[in-house]
Amino acid sequence: MEKELPNTAAFQDEFTSSLLDSTEEVEEGHYLLESATGGYSMLWPKNAVTDGPPFYQRTKDSFEKIIFYDRNEKENYRYSFSTTYSTYGESAIESSLNILGSSVSYFGEYEKIETDKTRIYYAKNKDTYKGSTAYFFFGYITSKESSKGLEYVFTAECIDSSKSTCNIDTKKEEEKALHYMKSVKFNKDE
């Protein structure tokens with residue numbers, strides 16, 4: 001008998017569910033994505049989905065890019081995530097930050113945030129386009145134990161900014177973004 005899959009966007013979507021190992025939530029509203037590269041794991045919001053290529057790309061165990069999003073018409077919000085894993089880590093931090101910065105039109109300084117096993121180079125930005133504001137919270141996360149790294153971009157915006165339900169609490173969204181980045185775990189090299 002087939003096991004009943006959770007009624008969440010992540011598990012109702014065939015491609016997304018193929019990336020997730022377990023239907024158990026690791027913390028409220030989140031599953032764990034154990035990367036097929038074997039290099040890292042991160043939280044996956046239960047209503048977030050991704051499509052196949054080009055939204056998902058992987059080169060053996062050294063590179064993985066995932067673009068995923070959590071969109072809710074009724075609540076009038078769209079969260080999008082873009083993560084890029086590589087095995088350069090701290091050694092190529094300057095070029096990694098340049099690539100990250102140009103992808104979100106940010107050319108300022110990064111704040112360094114330390115966790116036990118990672119170092120996060122973090123910044124935020126916002127962009128207004130056709131009257132709608134998108135808030136970007138982004139960082140480059142490096143492992144203190146290996147040469148692994150993960151670029152992480154979290155974007156919060158209203159689907160329709162003219163509606164009165166458009167109320168993005170930037171402080172809350174920033175806390176969420178930092179929580180996602182801090183919960184990234186890199187696996188040790190065998």
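Reader: What should I know about the numbering and the model before we start?
Author: Residues are numbered from 1 along each chain as its sequence is written. The model is predicted, so local features need pLDDT of at least 70 and side-chain atom pairs count only at pLDDT 80 or more, while totals for chains, interfaces and linings use all residues.

Reader: OK, is strand 2 buried or exposed?
Author: Six of the six residues of strand 2 (residues 40–45) are buried, so the rest of the structure largely encloses this strand. Buried means under 20% relative accessible area, with a 1.4 Å probe and protein chains only, and strands are DSSP runs of E with at least two residues, numbered from the N terminus.

Reader: And which strands does strand 2 pair with?
Author: Strand 1 (residues 30–34) pairs with strand 2 in the antiparallel sense over five bridges, and strand 11 (residues 185–186) does so over two bridges; two strands pair if DSSP finds at least two bridges between them. H30 has P45 as its bridge partner, and Y40 has F186.

Reader: What lies between strand 1 and strand 2?
Author: The two form a hairpin with five residues between them, and G38 in the turn has a positive phi of about 80°.

Reader: Switching topic, how many aromatic pairs are there?
Author: A search of the whole structure finds 14, where rings of Phe, Tyr and Trp (its six-membered ring) pair if their centres lie within 6.5 Å. One of them joins Y110 and F138 edge-to-face (planes over 60 degrees apart), at 6.2 Å centre to centre and 80° between the planes.

Reader: Are those two buried or exposed?
Author: Both Y110 and F138 are buried.

Notes
Side-chain values use heavy atoms; hydrogens and water are left out. Buried means under 20% relative accessible area, exposed over 50%, partly exposed in between (1.4 Å probe, protein chains only). Helices (H or I, at least four residues) and strands (E, at least two) are DSSP runs, numbered from the N terminus. Rings of Phe, Tyr and Trp (its six-membered ring) pair if their centres lie within 6.5 Å; planes under 30 degrees apart count as stacked, over 60 as edge-to-face and the rest as tilted.
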